[in-house]
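Work through the exercises below with the sequence and the structure side by side. Try each task before reading its solution.

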Amino acid sequence: ATYEGMCKVMKDILDAKDEKVCVSQRLVTSPCCIVTSQYGWTANMERIMKAQALRDNSSLGYMAAKKHLELNPDHLLIKELKKKADLNKNDKAEKDLVMLLIETSLLASGFSLEDPTTHSSRIH
(Lines give C-alpha, C1' and ligand atoms only; values in the text may rest on other atoms or scores of the structure.)
Protein backbone atom coordinates (compact mmCIF):
# COMPACT_ATOMS: atom_id res chain seq x y z
CA ALA A 1 0.00 0.00 0.00
CA THR A 2 2.89 2.39 0.70
CA TYR A 3 4.32 1.87 -2.81
CA GLU A 4 0.98 2.11 -4.63
CA GLY A 5 1.52 5.76 -5.62
CA MET A 6 5.02 5.07 -6.88
CA CYS A 7 3.79 2.08 -8.91
CA LYS A 8 1.22 4.34 -10.57
CA VAL A 9 3.84 7.01 -11.34
CA MET A 10 6.16 4.37 -12.81
CA LYS A 11 3.33 2.89 -14.88
CA ASP A 12 2.59 6.38 -16.26
CA ILE A 13 6.27 6.89 -17.15
CA LEU A 14 6.56 3.49 -18.80
CA ASP A 15 3.26 3.98 -20.64
CA ALA A 16 2.70 1.03 -23.00
CA LYS A 17 6.00 -0.71 -22.37
CA ASP A 18 4.68 -2.64 -19.37
CA GLU A 19 1.35 -4.15 -18.56
CA LYS A 20 1.73 -3.91 -14.80
CA VAL A 21 4.04 -2.50 -12.11
CA CYS A 22 3.88 -4.17 -8.71
CA VAL A 23 5.85 -4.74 -5.52
CA SER A 24 7.58 -8.11 -5.31
CA GLN A 25 8.38 -10.21 -2.28
CA ARG A 26 10.79 -12.55 -4.10
CA LEU A 27 13.56 -10.10 -5.04
CA VAL A 28 16.58 -9.92 -2.75
CA THR A 29 19.52 -8.13 -4.37
CA SER A 30 18.24 -6.45 -7.54
CA PRO A 31 16.06 -3.32 -7.45
CA CYS A 32 13.57 -4.67 -10.01
CA CYS A 33 12.99 -7.38 -12.58
CA ILE A 34 10.86 -8.07 -15.62
CA VAL A 35 8.61 -11.11 -15.69
CA THR A 36 6.25 -12.18 -18.45
CA SER A 37 2.65 -13.20 -18.09
CA GLN A 38 1.76 -16.86 -17.92
CA TYR A 39 0.66 -17.17 -21.55
CA GLY A 40 2.94 -14.63 -23.22
CA TRP A 41 6.16 -15.32 -25.08
CA THR A 42 9.40 -15.67 -23.14
CA ALA A 43 12.31 -13.38 -23.95
CA ASN A 44 13.94 -16.13 -26.02
CA MET A 45 10.78 -16.83 -28.01
CA GLU A 46 10.29 -13.12 -28.68
CA ARG A 47 13.88 -12.88 -29.95
CA ILE A 48 13.38 -15.91 -32.22
CA MET A 49 10.12 -14.56 -33.66
CA LYS A 50 11.67 -11.14 -34.37
CA ALA A 51 14.47 -12.87 -36.29
CA GLN A 52 12.13 -14.81 -38.60
CA ALA A 53 12.59 -13.92 -42.26
CA LEU A 54 8.92 -14.18 -43.28
CA ARG A 55 7.34 -13.02 -40.07
CA ASP A 56 3.92 -11.45 -39.85
CA ASN A 57 4.26 -8.13 -37.99
CA SER A 58 0.58 -8.06 -37.05
CA SER A 59 0.91 -11.12 -34.80
CA LEU A 60 4.17 -9.89 -33.32
CA GLY A 61 2.51 -7.08 -31.38
CA TYR A 62 -0.30 -9.33 -30.23
CA MET A 63 1.85 -12.22 -29.05
CA ALA A 64 4.81 -10.22 -27.73
CA ALA A 65 5.31 -10.79 -24.05
CA LYS A 66 3.12 -8.81 -21.70
CA LYS A 67 5.77 -7.62 -19.31
CA HIS A 68 5.34 -7.02 -15.60
CA LEU A 69 7.83 -4.88 -13.68
CA GLU A 70 8.34 -6.14 -10.14
CA LEU A 71 9.96 -3.79 -7.61
CA ASN A 72 12.05 -4.71 -4.59
CA PRO A 73 10.74 -2.48 -1.76
CA ASP A 74 13.80 -3.21 0.39
CA HIS A 75 16.35 -2.01 -2.17
CA LEU A 76 17.95 1.40 -1.53
CA LEU A 77 17.40 2.57 -5.12
CA ILE A 78 13.66 1.90 -4.95
CA LYS A 79 13.41 3.60 -1.54
CA GLU A 80 15.13 6.72 -2.89
CA LEU A 81 12.98 6.65 -6.02
CA LYS A 82 9.88 6.54 -3.82
CA LYS A 83 11.08 9.61 -1.89
CA LYS A 84 11.59 11.47 -5.18
CA ALA A 85 8.19 10.36 -6.47
CA ASP A 86 6.51 11.60 -3.28
CA LEU A 87 8.18 15.02 -3.61
CA ASN A 88 7.85 15.69 -7.34
CA LYS A 89 6.05 13.43 -9.81
CA ASN A 90 7.28 15.31 -12.90
CA ASP A 91 11.02 15.24 -12.22
CA LYS A 92 13.04 14.54 -15.39
CA ALA A 93 15.83 12.85 -13.42
CA GLU A 94 13.29 10.47 -11.93
CA LYS A 95 11.89 9.62 -15.36
CA ASP A 96 15.39 8.92 -16.67
CA LEU A 97 16.14 6.72 -13.66
CA VAL A 98 12.91 4.75 -14.13
CA MET A 99 13.68 4.23 -17.83
CA LEU A 100 17.24 3.19 -16.97
CA LEU A 101 15.90 0.68 -14.43
CA ILE A 102 13.42 -0.81 -16.89
CA GLU A 103 15.94 -1.03 -19.71
CA THR A 104 18.55 -2.65 -17.47
CA SER A 105 15.92 -5.10 -16.23
CA LEU A 106 14.95 -5.91 -19.81
CA LEU A 107 18.57 -6.71 -20.64
CA ALA A 108 19.02 -8.78 -17.47
CA SER A 109 15.84 -10.73 -18.25
CA GLY A 110 17.01 -11.60 -21.77
CA PHE A 111 14.98 -9.11 -23.82
CA SER A 112 16.45 -6.77 -26.41
CA LEU A 113 16.15 -2.99 -26.31
CA GLU A 114 14.22 -1.11 -28.97
CA ASP A 115 16.67 1.82 -28.89
CA PRO A 116 20.10 0.93 -27.42
CA THR A 117 21.60 4.36 -28.19
CA THR A 118 19.08 6.09 -25.91
CA HIS A 119 19.94 3.62 -23.17
CA SER A 120 23.65 4.32 -23.51
CA SER A 121 23.07 8.09 -23.53
CA ARG A 122 21.20 7.78 -20.20
CA ILE A 123 24.23 6.01 -18.72
CA HIS A 124 26.77 8.50 -20.06
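**Exercise 1.** Does Ser105 count as buried or exposed, and what is the relative accessibility of Ser105? Then find what surrounds this residue.

Solution. 
- Step 1. Keep in mind that the model is predicted.
- Step 2. Locate the residue: Ser105 sits in helix α5.
- Step 3. Apply the cut-off: buried means under 20% relative accessible area. Ser105 counts as buried because its relative accessibility is 4%.
- Step 4. List the contacts. Leaving out residues up to four places away in sequence, Ser105 touches Cys32, Cys33 and Ile34.
- Step 5. Compare sequence and space for one of these residues. Ser105 and Cys33 are 72 residues apart in sequence, while their C-alpha atoms are 5.2 Å apart.

**Exercise 2.** State how many helices and strands the chain has, and describe their order along the sequence.

Solution. 
- Step 1. Count the elements: there are 6 helices and 3 strands.
- Step 2. Read along the sequence to get the pattern α-β-β-α-α-β-α-α-α.
- Step 3. Look at the contacts between residues at least 6 apart in sequence: 67% of them join residues at least 24 apart.

**Exercise 3.** Which elements give two or more residues to the largest nonpolar core, and which residues there touch the most other members?

Solution. 
- Step 1. Find the members with the most partners. The core has 23 residues, and those touching the most other members are Met6, Met10, Leu14, Val21, Leu69, Leu71 and Ile102.
- Step 2. Assign the core to elements. Two or more residues come from each of α1 (4–14), β2 (32–36), β3 (67–71), α4 (76–87) and α5 (92–108).
- Step 3. Pick the main contributor: α1 gives the most, with 6 residues.

**Exercise 4.** Describe the largest cavity and the place of Glu46 in its lining.

Solution. 
- Step 1. Start with the search, which finds 1 cavity of 30 Å³ or more in the whole structure. The volume of the largest cavity is about 30 Å³.
- Step 2. Name the lining: Ala43, Glu46, Arg47, Lys50, Phe111 and Ser112.
- Step 3. Sort the lining by class, which gives 2 nonpolar, 1 polar and 3 charged residues.
- Step 4. Turn to Glu46, which belongs to helix α2 (residues 43–51). With a relative accessibility of 6%, Glu46 counts as buried.
- Step 5. Relate Glu46 to Phe111. The two are 65 residues apart along the chain, and their C-alpha atoms are separated by 7.9 Å.

**Exercise 5.** Where does Arg122 lie, and which residues is Arg122 in contact with?

Solution. 
- Step 1. Locate the residue: Arg122 is part of helix α6 (residues 116–123).
- Step 2. Classify its exposure. Partly exposed covers the range between buried, under 20%, and exposed, over 50%. Arg122 is at 25% relative accessibility and therefore counts as partly exposed.
- Step 3. List the contacts. Neighbours within four places in sequence aside, Arg122 is in contact with Asp96, Met99, Leu100 and Glu103.
- Step 4. Take one of these partners. Met99 is 23 residues from Arg122 along the chain, and their C-alpha atoms are separated by 8.6 Å.

How values were computed: Residues are numbered from 1 along each chain as its sequence is written. This is a predicted model: local features need pLDDT of at least 70, side-chain atom pairs count only at pLDDT 80 or more; totals for chains, interfaces and linings use all residues. Side-chain values use heavy atoms; hydrogens and water are left out. On a 1 Å grid over the protein atoms alone, a cavity is a set of points where a 1.4 Å probe fits but cannot get out, and a pocket is an open set with protein on both sides within 12 Å along at least five of seven lines; lining residues have an atom within 4 Å of a point. Grid points are joined across faces, edges and corners, and a volume is the space filled by probe spheres set on the points. Ala, Val, Leu, Ile, Met, Phe, Trp, Tyr, Cys and Pro count as nonpolar, Asp, Glu, Lys and Arg as charged, and the others, Gly among them, as polar. A nonpolar core is a set of buried Ala, Val, Leu, Ile, Met, Phe, Trp, Tyr and Cys residues joined through side-chain atoms within 4.5 Å. Buried means under 20% relative accessible area, exposed over 50%, partly exposed in between (1.4 Å probe, protein chains only). Helices (H or I, at least four residues) and strands (E, at least two) are DSSP runs, numbered from the N terminus. Contact means heavy atoms within 4.5 Å.
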